[in-house]
Structure formats: structure tokens, C-alpha cells
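Subject: Structure handover

Hello,

Please find the structure below.

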Amino acid sequence: MIAPPQPELITVNIDGRPIAVPKGTNVIEAAKLAGVDVPHYCYHPKLSIVGNCRMCLVEMGMPAVDPATKTPVMDPATGKQKINWMPRPTIGCATNASPGLHIRTTSPMVKECREGVMEFLLINHPLDCPICDQAGECKLQEQATGYGRGYSRFIEDKNVKPKRTQLGSRVTLDDERCILCSRCIRFCKEVAKDDVLGFTDRGSHSTLTCYPGKKLENNYSLNTVDICPVGALTSTDFRFKMRVWFLKQTDSIDAESSVGANTVVWSREGVIYRITPRQNDAVNDTWMADSGRILYQAVRSPERLAEPTVDGVASTPDMAVNAAGKLLVAGATAVVGSGRSSVEEQFLTKRLADAVGASAHLVGRVGEGDRLLISADRNPNVRGALVVGLIKELPPARLDGLAAAIDAGQVKTVVSVGEDLAAAGLTAAQLAKVSVIFLGTHRNATSAAARVVLPGLTVFEKNGSFVNQQFRIQRFAAAVPGPAGATDDFQLLAKLTAAAGGAAPAADLRSLWSLMAAAVPALVTLRHHTIPDTGLLLDGTPWAGLAFAERETLHYQPAK
Amino acid sequence: MPEQRRLIFQHIDEPGYSNDLACYLRSGGYETLKKAVARKPEELIDEVKKSGLRGRGGAGFPCGVKWTLLDRKSGKPIYLVVNADESEPGTFKDRYIIHQDPHQMIEGIMITCFANNVKQAYIYIRGEFPEGARILERAIAEARAANLVGPGILGTAYGCEIYVHRGAGAYICGEETGLIESLEGKRPYPRIKPPYFPAVLGLYQCPTIVNNVETLCHVKHIVAMGGEAYAKIGTPNNTGTRILCVSGHVQRPGYYEFEVGKVTLGQLLHEVCGGPRPGRKFKAVIPGGSSAKVLKFGERYKGKRKVGVEMVDYDWGLEDVPMDFDSLALIGSMGGSGGVIVMDDSVNMVEALANINAFYAHESCGQCTPCREGSLWMKKITGRMVHGDARPEDGALLKSVADQIAGRTICAFGEACAWPTQSFVQKFGDEFKGYAAAKKAAAPDAIELV
Amino acid sequence: MNLKPETLQQIDAVIPRYPVKRSAALPLLHLVQEDQGYISPEAIEWIARKLELEPINIYELVTFYPMFRQKPIGRRHIKVCRTLSCALLGAYHTCAEFEKHFNTYRGEVSPDGEVTIEFVECLASCGTGPVVMIDEQLHEKVDPARACELAVKLKAESAQRA
């Protein structure tokens, strides 16, 4: 494990309690460390500081020191050093920890500031809660309840602004709800590097807008929806679909590329409604790509494999496994694993490959990285295959080796764990020469040509882990159950191994991990449940010589 | 009758005086610059510190201190930005300097730049002075041709360029960091301080001085006569002269330059400006631009104040208040920009406030919550009172809203839009309570203010 | 963009005055508006390209500053100060006088296309109020009688042009 560097600590005092915080910490973060909530809107830990919402106003004081002698001035009442409290409040987001800094968040002045700001934010805010998607996760609702006065004194007419603008294909904007915090503008400029949003007009008539004719279309546009504290920016896909308090949250990993952005999958009663990023300051901060969010739509696709088949005829999992087993024991089997399989599945694939006496192929997917959160390697878990020893080299894009072997008559059966062999370069003729056993989730040319089709689960329906480009192992969990006809991939691989004549490895996560820890050097100290939520860096030096395709992305620098 | 002292305005509206270089040279122009470049820059800064000069733009901040705060160690270029945005309602002095005596300001600019190692100055002039911008461009070109501006002035190695930059109608560009943002080509949103103090992180994140037009003219005179001599003019801690701009309900509105503190409000309004209009009595006065708190005729102020090193009693009627920064602050208002707006008893204070609130709501940049929402709310309340239904509790509501703005904002616009409401309601509360009834009884030809 | 050659020259002369190109946004907007009469979407995009910015960066400015307009106005621009000092001396009556003479309301182009009348905020000449700017010329002490005189003068000037 690689330990992070230790920061320099400074002691500040929050509501009477001293706390040591790293140098440079702002008051909002320092308060959080002390268990104190400082409400805010415009502040975001990953964006520049603007200090415009004024909600984080707190009282600030510094220890009194005699200006001439520099000795501390004592307060006779408390016997401690006197604190000079500033007559005006200060914003917490722009105040950094300095030695002796004293902060009060519960004084009457702070209470009035918060009530004032809340009142101001609500006077032109439309009473949309009943129809607004943000309800239940709305900062305005939360902070009005927690820190507002509780009643309104405004009897004038509210401002009217455009209410249903399609900012782009994925984001809808309601300008009346906007509190002009500018988080979205800062995000687009500073993180997505697509300076397309701005404020027009001025004063209370200021309006968030895109230049007419331009759109908020970049592949990170939905992050603005995540960070919008209110229901001004909403996801067009999610609009009006579900109240957030009904949704279950499951931690997952974006399988789009080897970045391994951390995600949360939101589901209810077996149906996924949306995916949002999960904070991991070492991998993806608080962001993810839009293209990773729509991956859940594949779960209920009409192309989903619904039941096992043998030679095109519907079957049961056990019968299909038996049929596959007969093919496997006949010998001359090739195994095609996947860079999209989990570490656990890749371990089991290795066991299967050993049982049939084959070495495994993997299909590479190298594309263009976007230097942000999509890397050049579109497989999320090639490194997992390296770590468990499924492969020793980086996989090629096409299965030319396998194709040649098929043409040379050396292969009679091919087991494909989730890979479309045709897309990987095998011709129809080559496919016709072999018996294919296909484990997968969606129909493709390979499943059509396969003799045995064993439907498995998508990443949203099973537990497992991936190793990302940093060699960080990260867990994902099942959010929804798979379709009735699908079987857990651990079960399938374990049973196939047994059917091929090998020792049946464990098929439950715990026992499997005990096996893995014993067999894989890099995992020897781990268990699945001991991996932290933000992942764990493995030692990648055994593979340091390989020519990984990834270039620089957020939080990743390729080795020189 | 108190005597004016025309130091800055010596040549304003003088018959025969023109705004070209030749005329300025004939009156001894640029002699001070010639002497200044032969001295050490630190000496010049020292003169300004000794002079006690306070900024004439509205804040009254000591100019010498402002220059001292400059970060001279960063290695970044230092900029001077001239605040010629004159937009504080009631103020009309920089207009005359720019249009009629621009070289006085340019000389002040060059001396300031030399003293502070500035190689590039920008004059940010409000967009509504298009003729002024042309006059300044011509004057700078003349000065450049005469080696008084540009690379290597007056045969020395020191050079400084001056460019004119026109604004486009936003009062918030008078705020120093709003001005800087506007000069950088962005929406003029004032910056949070800390960390963006212009002296450290100003224009293009470089150390920057922002000085008012009149202030820079005073610099020239300070260097000419010496800081100590200048400090003897005016009153202690309120040194030099300042131009007072009187407008509204007086017989003789206009500009008047006095030694600071050497004329009282009463002398100014009654003697210098000829008193109220026929048949009228003075009712209220705003002494320092519309952002200053209003003062009510008939008020009295008592207490102790510091004169020199002693604490001295004062017991003033409104007319006794000396027109200096400290005295006006003492009695609960401010010297501000020197814009004195006078209202007589024909004025309904609710309607006057409605006019002011409309100004601030219009000019709020919209960046921070209290000012953005509060200024428009206050405008809507006074607007409703005047054009719709006024409730007796509206005055108290107005004050409560204003109290939620002042002290909570990014820049002083928060105070600027809150103080009028707070002071109008505090001092004329009865008019607010009784407005609905008064409106019904109002004369049909009463003047419309909003 | 159909800008006059002098305008293009001035634009090229003003950009190097600043170490950062973006600073030239306001000067360019003034020059383009003087040339074309208003700022069109084409102008916004042209200026953005010229300064290596996004159109939104210029659009934000055009809508913030009241002196920039996105539509053409009347041939003559009458700006009446409405802030306190001028209001105290009758600015609202002055404005009404202009509106009456040209049969138009604030913010519109008059039916004959001749004027647009607007309220503006303090023009910094409060001592000689009520103050009116007509195009670039400042007019002082404009009470309704003087407004009437000015309106007549404007109409005479417009007839001469015809």
C-alpha cells in the first residue's frame, strides 16, 4: 500500500473546540472536520472560490496581542487569551486556517446572517418544490429548514425568467430557480474546459444562459446537474421520472474505461433510474463522464440475453453447463477472457483455462482518451487480468493469434467470457469452424453463432472489483437483480471449470477471495470487504515494463 | 462668506483657459513633473504620506498608505488605474477636470507612476463622457509628443504609457475591483478581499494602484508645495482642499472648492449656495453622494471628538457640522465623494427613497445574494408604496431588509444601497408610516420622483 | 462583418494596448456599435473570434452594460437622467415632454424612426440639472420648456436631412 504524504497541521478553534487541520484548509472544511456544518451554495471543494452566495458567513476572531510588546492579552473573565472578534462576519470558504483562528458558527450574528441570506434566496425563487426534480436533495430546502427564518415577508411580484430551456441534449435549465451561484459556469470553464455558459443581464435579472446557437453538449455536461444546488439544472433523462427519496444508492464503478470513475447507482425495485459520480479524490474527484451515466440503459435493452440456449434451443443453466462441459472435455479449447470482467471473474477464468489446458486471450480496446476521465484504454480491468495472471502481456485489439490457430485446426472449442469474437476479428468462417461457448449479457454475432449460450450479469447486477489504470483495486456492488434467466458469472465459471474436469473453485465472494488472496501475490493481504470505499493501490511494479496505452487524465500520469 | 480655495479647480470655467498642452504649459504646467523625476521615488511617496491626502473618490482612504501597501517584491509589473468613472449620484467634479484641465491630471498621473515604478497606466473613463475620452486621448498625444508621457520622459530613462479605456454605463465599475474586472474585459464583478487586494493581486493579478481623478491632481500639488505644506491646508487628518458638488433644492447649485473642514454645512448651503428656493425650507441633505446616510434639518449632535491630541466637546446643529471626512462620519454620515444633494420641504421622503432605491437596484451587479436580491426587494417595496398600496409597516420592513444587506456583501455596494434606506426610515419614519394617507392628500402637481 | 476601413484600423490599433487580448472587448464593442449602430449576433461572434474568446464571453458584456444595444434605435438618442438630483428638479416631467413631442414612449423607436428616448442614471452634472444627453452632446438645465425647444430643433435637423 502506498501511504499519502503527511500535511502540516495548524490548530484553529471552532465553536470553542480546538482542532488541528492541514495548512490551507478553509473554514468550511475545517468545520466539517470538527463535525460542524457550515451551510453554503457557491463553494465547491473542486472549483475556484467566488464567495458570492454569502451563506457561509461566520464570526471570526484572532487572539489579542499587545501591539507594542507582542505579548498575549488575557481575558480576566476566562483566564485565557482574549479573542478579538471582528465586528463584521467573514465568509468561511475564503478564510483559510491560520494559527489561533477562532470561528463561531452559532452566535446570534451568524444566525441572522443565515436567515437573511435564506430569505433573500427565496424571495424570487419559484415555489416549484412539488414539480421540481431536486426535491429531496435540494440544498435550498435543506438549508431553509436548517437555517432559515421559516416564514416569508415578501409580498411583491417575483422575477420571471425562462423556465424550460434545453441547454443541450442532456440538460434542462429553469432560470427562475437559479440562485446564480456560478458553480456550473466555473465547472464548464475550469474542469470541462468548455467555456460555454455565462450570465447575461445584471442584478437580480441576471440569467444563466448558453450563447444562442451554442449548446451545453460536452461529455461532462451532466456534472453541472450534480453540482447545481437547486433544481435549475436538471437531467433531461431523469426529469419527472422518480422522487429521489424512493431510490436506493449502490456504490459502483464506471466501466467505460480504465479510469474507474467511482459512481453511485440509483435504483428502485430492481430498476435503475440514474447514475451519478461518487467522490474519490484520488481518481475522479466528484466528476464522471456523461457517456458513463447512460450505460445503465443497457440493462433493460431488448438485446438482453434472457435464457440459456443449447444449439439454439432454450435450456436450463445446468443443462447448458453440462452441454458446454462435454465440449470442453473433448479438448483443443481456447479461452477468451475479458478486460471488462471483474478481478474475481478473471481469476475464475484463469482456473477454467488451467482446467482445459489453454492459455487465455484477452481483447484490447484502445481508443482516444479525453485527458479528463476517459482513458485511452476502454477496458476497465486489463490490469486485473495481469494481476491474477490471466494474461502476461497487454492484449491486442484483434484475436489474430486465435484466428490463426483456428485456421490451422488447432482449436475445436472456444469459450468466450463476454467478448464478441466477430468484433474482435474472427470471420464467420472461422466461427463456423469451432464450437463456441458464450457467457455474456447481450446478443451479438458470437451469441448467434454459439452452440451454448449462458446469460450472465451486467456490472450493475453483480459484486466484484476492478483494477484501474493507477493499479487501484476498487469495489462495485450489485444494485439490481439480473433477469430471471441469467446466472451469476461466478457460478457459471465455477461450474464450467468443474464440468471441464477441474477442481470446482468457490463461487461465493468470500470464499473466492480467500482463494484469491492465497494464490495471487498482489492480493495476499486483502479481502474483498477490507478494500476501502475509495479503493486501494496495489503494487504495479511487476508490470512496469509494459507499454500501457493510457496518457494523462485527471489524477493519472503515465510512468516515464 | 467662507472663501473658496481653488487649488484643483483654479482654471475651471476660466475665460480664455483651454484644455490644450500649450495653455497648461503657460500656467506652469509640468514643472512639478520635471522636478519630480529628478528626485528619488521614495521621497515622493513620503511627501504624499506626510500630506495626509485622503482619496477623493468616496472612501477617503489615506493615499500614502494605499501606495505603501503595494507589493513591490513580486517581480510583476505594477499598474496604475485612474478611476474616472464618476458615477456617484450628486458628484460632478472629475467631469470638469477631464474636460477642461486634463493635463493637470496627466501630470499627477505621471508623478504617481514615477513614484511607484509604474510603466503602464490606464484611465478608466465612464462611457457617458465620450467627449472627455477624446479630450484625454488628444491631451495624452500632445504630452507624448512633448516627451512628457511614453518611453523615456524628459530625457530620463523612466517611461510610462497611458491609455484611455471607456466604460459602458455601469456604476459598479467605480468600485476598484469591479473596475479592474471590467478593464480585463469581464463582467465587472468586484473581487473578494482577501485575497484580491489590488495592491497585491490587481489588474492581471499584478500589484495595482487605483486612484481617483481628483486625488491624482492633489498629488501634483503635494509634490509641488511639499507634503508638510499641504498638510497645513484644511484641518488635521482632513488635509488639503476638496471640491464639494451641491445639487438639488438650492439657489446656486454647482461646484465649490474649499479647504477641507473650513466650511460648515450651513455656510455652504445658506451663504455659498444662496439658501433654499423661494418659499421653501431645507428638509434633508445627503452630504457625500447618494450612498451617504441622509441628514435631517433640525437634528442636533453632541459628544466628544478628538481635535489634535485632545478630546473636545461638540454640540452641533446640522448647519454647524464642518464638511470634512471625520466630522461627517462622527454624526452618522460620510464625506464620501463630496456630492451634496439638498431636499426642501416639497419633497416626500418616501418618493425620494424610491428614486434612490431604483438607482441601486438597477446598478447592482448581481454577484452576491444580499445586494442582488435585497436591492431589488427594497425598490419593489418603495415602488409599491408610491404606485400601489403602502402599508404602515413597510418602513420597518425596508429597514429590516437593509440591515440584512450591510456588512454581508462582497463589496461596499451593499452598504451603499442599504444606508439610504436605513437612514431615510430612521429619520423620517413617520412619513413612511403615514404615506398611504399622505398620498391621498397630496397636491396633484407634486413633483414626480419615480 | 461589413465594418468601415477606419473602424478596422482603430480595432487593430487598440488591441495591442493591453497585455491580455480580452481587455479589448469593451473598446471593440464601442467601435463596432459606433460603426453599425448596434451590436448584432454577427458582431458578437466576430469580436469573440478576434479576441480568441467564446461568443458567450462577449454576449455577457453586451447584456450587462446599458450603453450597448442589440437592436437599432432611432436616428437620435435622447437620454434623460432620472437619478435623484435631476428628478428633484423635474427630470420626469422633462422626459414626458420629449415623449409627447415625438409621440413615443421610453425605450421604443418613435413612429417616424427619428428618436429613441431613454432614462439613464446619473450623468455627473447634477449641479446643472435636469440633464439630458442627445447623442454625445450634454444639455444642461433642461426643464420642459427647454425640452420643447430641443425637440423642435431636432425635428428641424431631421427635416433638413430629408
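Helices (H or I, at least four residues) and strands (E, at least two) are taken here as DSSP runs, numbered from the N terminus. On that basis chain A has 14 helices and 24 strands.

Before the rest, two notes on reading the model. It is a predicted model, in which local features need pLDDT of at least 70 and side-chain atom pairs count only at pLDDT 80 or more, while totals for chains, interfaces and linings use all residues. Residues are numbered from 1 along each chain as its sequence is written, and chains are lettered from A and ligands numbered from 1 in the order in which they are written.

Chain A

The C-alpha atoms of chain A fill a box of roughly 90 × 55 × 40 Å along the principal axes. Of its 560 residues, 50% are buried. A residue counts as buried if 20 or more other C-beta atoms lie within 10 Å of its own, as exposed if 12 or fewer do, and as partly exposed in between, with C-beta atoms placed from the backbone. Two residues are in contact if their C-beta atoms, again placed from the backbone, lie within 7 Å. Among the contacts in chain A with a separation of 6 or more, 66% join residues 24 or more positions apart.

Where A meets B

Here 24 residues of chain A are in contact with 26 residues of chain B. On the chain A side, helix α2 (residues 108-123) gives the most, with 6 residues. That side divides into 12 nonpolar, 7 polar and 5 charged residues. In this count Ala, Val, Leu, Ile, Met, Phe, Trp, Tyr, Cys and Pro are nonpolar, Asp, Glu, Lys and Arg are charged, and the others, Gly among them, are polar.

Domains of B and C

Domain bounds come from an automatic or database domain assignment. For chain B it gives domain 1 (21-232), domain 2 (240-344) and domain 3 (349-441). The centres of domain 2 and domain 3 of chain B, taken over C-alpha atoms, are separated by 23 Å. Between these two, 8 residues of domain 2 are in contact with 10 residues of domain 3. The domain 2 side of that boundary has 4 nonpolar, 2 polar and 2 charged residues. Chain C is divided into domain 1 (5-64) and domain 2 (76-161), and 29 Å separate their centres, taken over C-alpha atoms.

Cores

A nonpolar core is a set of buried Ala, Val, Leu, Ile, Met, Phe, Trp, Tyr and Cys residues joined through C-beta atoms within 7 Å. The largest has 262 residues, and B:V81 and B:M110 have the most contacts inside it. Helix α13 (residues 349-363) of chain B gives the most to this core, with 10 residues. Apart from it lies another core of 78 residues, including A:I272 and A:M516.

Backbone points to check by eye

Most residues other than glycine have a negative phi, and most peptide bonds are trans. The bond from B:K193 to B:P194 is cis, with omega near 5°; B:P194 sits in the loop between α8 (176-183) and β4 (208-212) of chain B. The bond from C:G129 to C:P130 is also cis, with omega near 0°. B:N237 has a positive phi, near 65°, and is partly exposed, with 17 other C-beta atoms within 10 Å. C:K141 has a positive phi too, near 50°.

Regards
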